[in-house]
Amino acid sequence: MSKHWTDEDFLNHLYEVGPGDGHLESCLECRARWEQWLKLRRFTLNPPTLDPGLLARQREQILARTQHGESTGRGKRWALAAALAGAVLFALLARAPNLVPSPENDSERMLLSKADAQLADAQLMSDVYHSVYQSEPGAVEAVQGLFEVDP
Amino acid sequence: MGVMAELAAMSNRGATAPVLDFAVWVKAEQPRIFLLCRRMLRDGEEADAATQDVFWKAFKALQNREEGVISDPGRWLTRIAVNTCLDRLRSRRWQFWRKRLEPSEEAWILTMSAVQEPNAEDQIFAAEIERSLAQALSRLSDRQRAVFTLKHYENRTLEEIAEILELDAGTVKAHMSRAVAKLREDLKDLYQAVAKRRTI
Ligand SMILES: [Zn+2]
């Protein structure tokens with residue numbers, strides 16, 4: 001039989017880095033000491049009490065974020081898409097020479113400058129739309145491999 | 001299948017009761033994930049933000065999924081948490097602040113209201129253990145800390161840790177060996193202190 005384990009051996013065994021000599025299987029004395037080490041370890045795992053207020057606030061923020069993403073996110077997406085389509089249509093109509101006569105008075109000129117401004121708005125909205133809805137959190141991609149698909 | 005239905009199909013690690021909805025699941029896993037983030041990031045505020053990110057990423061991942069169930073949601077969430085923390089640790093901004101923070105300066109979010117409770121001394125002792133181990137963990141590299149944290153606090157096998165961190169078992173064992181070598185004296189002190197307390 002190999003020699004009794006030292007505290008260092010028990011410590012290594014606790015973290016799966018040694019000694020790997022199978023001594024525990026053959027020595028009742030060391031096995032009893034191992035049980036003690038396991039009890040000590042469990043005691044070190046007694047988790048510190050966390051501030052319940054902090055956890056509640058944190059949970060509120062987590063759930064608010066998921067609800068925002070689910071409900072208002074979808075509505076906002078439609079609103080942006082509708083505004084975008086309207087602005088682009090208006091700008092196209094205003095710029096097409098065959099469809100819209102050249103400005104002959106101040107009110108028509110004002111209308112066209114308004115159309116230019118809306119075209120700029122449309123571009124801005126388009127940029128915002130893409131940056132908001134096409135970005136995915138990095139770790140989401142990393143976790144795709146974890147999904148186990150049922151046959 | 002919606003998020004709630006997906007979650008209903010899951011079962012907790014080691015538990016038989018199904019998780020009924022996302023809010024319930026968050027409440028059940030939140031303390032563990034927050035502690036894991038705090039141990040890895042060594043900062044309460046960063047851990048708070050990271051925990052929120054973890055659940056958001058989990059929610060998004062569940063929403064974007066098409067088929068199937070996650071066989072071990074606890075491990076899956078742990079993996080998101082570890083990746084989130086490692087990302088934060090890698091970021092330049094965080095490295096900058098990290099250098100300025102000492103564990104002793106950090107605002108540990110430990111309730112002292114436990115002093116009023118019957119097991120107040122145990123609570124204080126647990127907080128002391130937490131703090132001294134956190135200080136010891138600050139000497140480890142990010143990877144070593146991730147490996148050690150998952151082993152010590154979550155009682156994961158090296159094989160499981162290898163899966164979570166997407167490393168081979170040999171690399172994980174090497175990280176663990178170095179971590180234990182660095183922490184050897186602290187761990188001996190820790191276990192001696194616990195043994196002494198248990199005999200009081
Ligand atoms: Zn022996």
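Visitor: B:Phe22, buried or exposed?
Guide: B:Phe22 counts as buried, because its relative accessibility is 2%. Buried means under 20% relative accessible area, exposed over 50% and partly exposed in between, with a 1.4 Å probe and protein chains only. This is a predicted model, where local features need pLDDT of at least 70, side-chain atom pairs count only at pLDDT 80 or more, and totals for chains, interfaces and linings use all residues. Residues are numbered from 1 along each chain as its sequence is written, chains are lettered from A and ligands numbered from 1 in the order in which they are written, and side-chain values use heavy atoms, leaving out hydrogens and water.

Visitor: And B:Phe59?
Guide: B:Phe59 is buried as well, at 1% relative accessibility.

Visitor: How many aromatic pairs over all chains?
Guide: Ten. Rings of Phe, Tyr and Trp (its six-membered ring) pair if their centres lie within 6.5 Å; planes under 30 degrees apart are stacked, over 60 edge-to-face, the rest tilted.

Visitor: What about A:Phe10 and A:Trp37?
Guide: Their centres are 6.0 Å apart and their planes at 15°, so the pair is stacked. Both A:Phe10 and A:Trp37 are buried.

Visitor: Back to chain B. What is the geometry of B:Phe22 and B:Phe59?
Guide: That pair is edge-to-face, with 5.0 Å centre to centre and 65° between the planes.

Visitor: Which residues form one aromatic cluster?
Guide: B:Phe22, B:Trp25, B:Phe55, B:Trp56, B:Phe59 and B:Trp76.
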